[in-house]
Amino acid sequence: MSSACLARAAPLETRARPVVPRRARAEAPRSAAPRRGAQTMASRVVCAASAPVPIMVNDLTGKMGRAVADAVVARGADQCFLVPVAFSGQAKDPVDVGGVRVEIKSVLDGDPGAVLDELKQTYPGMIVVDYTLPAAVNKNAELYVRHETPFVMGTTGGDREKLFADVRESKLPAVVAPQMGKQVVAFQAAMRLMAENFPGAFKGYTLSVTESHQSSKVDTSGTAKAIVQSFNDLGCGFDIEDVELVRDVPTQLGRMNVPEEHLLGHAYHTYKLTSPDGTVGFEFQHNVCGRSIYAEGTVDAALFLAQRVASKSGDKTLFDMIDVLKEGGMVTN
Ligand code: NAD
């Protein structure tokens, strides 16, 4: 990393010092109104990590990376701050995120490991967030593992078995999750619990599933597949091939009611259950517009990870969003 980069980094770190004295934050009341209560929970996570968490976002010139970078800045300098260097597939012009000038380096040129090592020295406790491309998942994870940099992997695809094996073997703390939307993950987990506790409860019911995504998504939603599995364990006997995939704009606007500004980024799911005689109906929906739900979940995952690294508690080092949810340190700004 260039010395120019370090020279810019120093004032950022100074500015990112906690605004609220640490003791005052630790003593914040727990029995406040819901929003304050939620913030107290997040503060608890940050307090355990004892300092604002430096977060490096690769690649923040991508759509998800940018959403995460914005969420890091919005979360507040008392909890976390953006590291002013990011990796991309190629070097690019610096990017301004909420007043932080971020240098964009190529992860494929030079010595990215040396860059990581230097950043870790400058920003102790740094967490990396990865939203890149499926083709980059394993190489990037190998880099983070080799240089002992705890990471949150939001990127989907790649060789997942290898990814999990690499992380487990290294014992490097990491959160890996193809779905960072905390509320969606919670719904998914609730359906699993229902299936495990009441197998066959919907035996004989007919299920229909409709999902709508931007037209560039060709495959069936992974979340829909997981939820259908739970419904099948509840007795529905649904073939995943029968999921209705809506990818055309007129249906999205007309039948699905997707707001026009979110045609290029939405995830709508409807599951309908009808009793054998047609007298009883159930309907479950989760409709997501934009990327903020994933970005917020990612920041929570990074804060969770920082806390785990600081506390060195337990043998487990590979986490998912269920672990983050269980910790309770989730906030939706
Ligand atoms: P995008 O195409 O907008 O951004 C990807 C970026 O990665 C590009 O800027 C590209 O230049 C960069 N890149 C390419 N190779 C790289 C490398 N080796 N190292 C670093 N950067 C590299 O894509 P997106 O919409 O931001 O999605 C990124 C990933 O996130 C996809 O896999 C997508 O499925 C996943 N995703 C996950 C969640 C979740 O909840 N976990 C939510 C949304 C999207």
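How many residues does helix α9 have, and what distance does α9 reach from its first C-alpha to its last? Helix α9 (residues 222–233) has 12 residues and reaches 17 Å between those two atoms, close to the 16 Å expected at 1.5 Å a residue. The expected span of a helix is 1.5 Å times one less than its number of residues. The model is predicted: local features need pLDDT of at least 70, side-chain atom pairs count only at pLDDT 80 or more, and totals for chains, interfaces and linings use all residues. Residues are numbered from 1 along each chain as its sequence is written, and side-chain values use heavy atoms, with hydrogens and water left out.

**Overall**

- The secondary structure of the protein comes to 12 helices and 13 strands; helices (H or I, at least four residues) and strands (E, at least two) are DSSP runs, numbered from the N terminus.
- Of the protein's 333 residues, 49% count as buried, where buried means under 20% relative accessible area, exposed over 50%, and partly exposed in between (1.4 Å probe, protein chains only).
- Of the contacts (heavy atoms within 4.5 Å) between residues at least 6 apart in sequence, 68% join residues at least 24 apart.

**Helix α9**

- The buried residues of α9 are T223, A224, I227, V228, S230 and F231.
- Seen down the axis of α9, these buried residues fall within an arc of 155 degrees, so they line one face of the helix; the arc is that of the directions from the helix axis to the C-beta atoms.
- An α-helix has 3.6 residues a turn, so residues three or four places apart point the same way.
- The cover over the buried residues of α9 includes α8 (182–197), β9 (206–213), β11 (266–274) and β12 (281–289).
- At the start of α9, a side-chain oxygen of S221 comes to within 3.2 Å of the backbone nitrogen of T223. A polar contact is a pair of N or O atoms within 3.5 Å; within protein, one must be able to donate a hydrogen and the other to accept it, and residues adjacent in sequence count only if both atoms are side-chain atoms.
- T223 lies in α9 and is buried, with a relative accessible area of 10%.
- Leaving aside residues up to four places away in sequence, T223 touches Q179, V184, Q188, H269, Y271 and H286.
- Just after α9, G235 has a positive phi of about 115 degrees.

**Strand β9 and its partners**

- Of the 8 residues of β9, 6 are buried, and the strand is mostly covered.
- β9 and β11 run antiparallel and are joined by 8 bridges; two strands pair if DSSP finds at least two bridges between them.
- Opposite S208 stands K272 in β11.
- β9 also pairs with strand β10 (residues 244–246), in the parallel sense over 3 bridges, and T210 has E244 in β10 as its bridge partner.
- Together, β9, α9 and β10 make a right-handed β-α-β unit. A crossover is right-handed if, with the strands pointing away from the viewer, the path from the first strand over the helix to the second runs clockwise.

**Helix α4**

- Helix α4 (residues 63–75) has 13 residues and reaches 18 Å from its first C-alpha to its last, close to the 18 Å expected at 1.5 Å a residue.
- Buried in α4 are M64, G65, A67, V68, A69, A71, V72 and R75.
- Elements covering them include β1 (53–58), β2 (80–82), β4 (92–97), β6 (127–130) and α11 (292–311).
- G76 follows α4 and has a positive phi, near 110 degrees.

**Strand β5 and its partners**

- In strand β5 (residues 100–106), 6 of the 7 residues are buried, so the strand is largely enclosed by the rest of the structure.
- Strand β3 (residues 85–88) pairs with β5 in the parallel sense over 4 bridges, with V85 opposite E103 in β5.
- β4 and β5 run antiparallel, joined by 4 bridges, and D96 stands opposite R101 in β5.
- β4 and β5 form a hairpin with 2 residues between them, and G98 in the turn has a positive phi of about 55 degrees.

**Residue N140**

- N140 is in helix α6 (residues 137–146) and counts as buried at 9% relative accessibility.
- Not counting residues up to four places away in sequence, N140 touches V107, D130 and T132.
- N140 and L163 are 23 residues apart in sequence and 9.9 Å apart in space, C-alpha to C-alpha.
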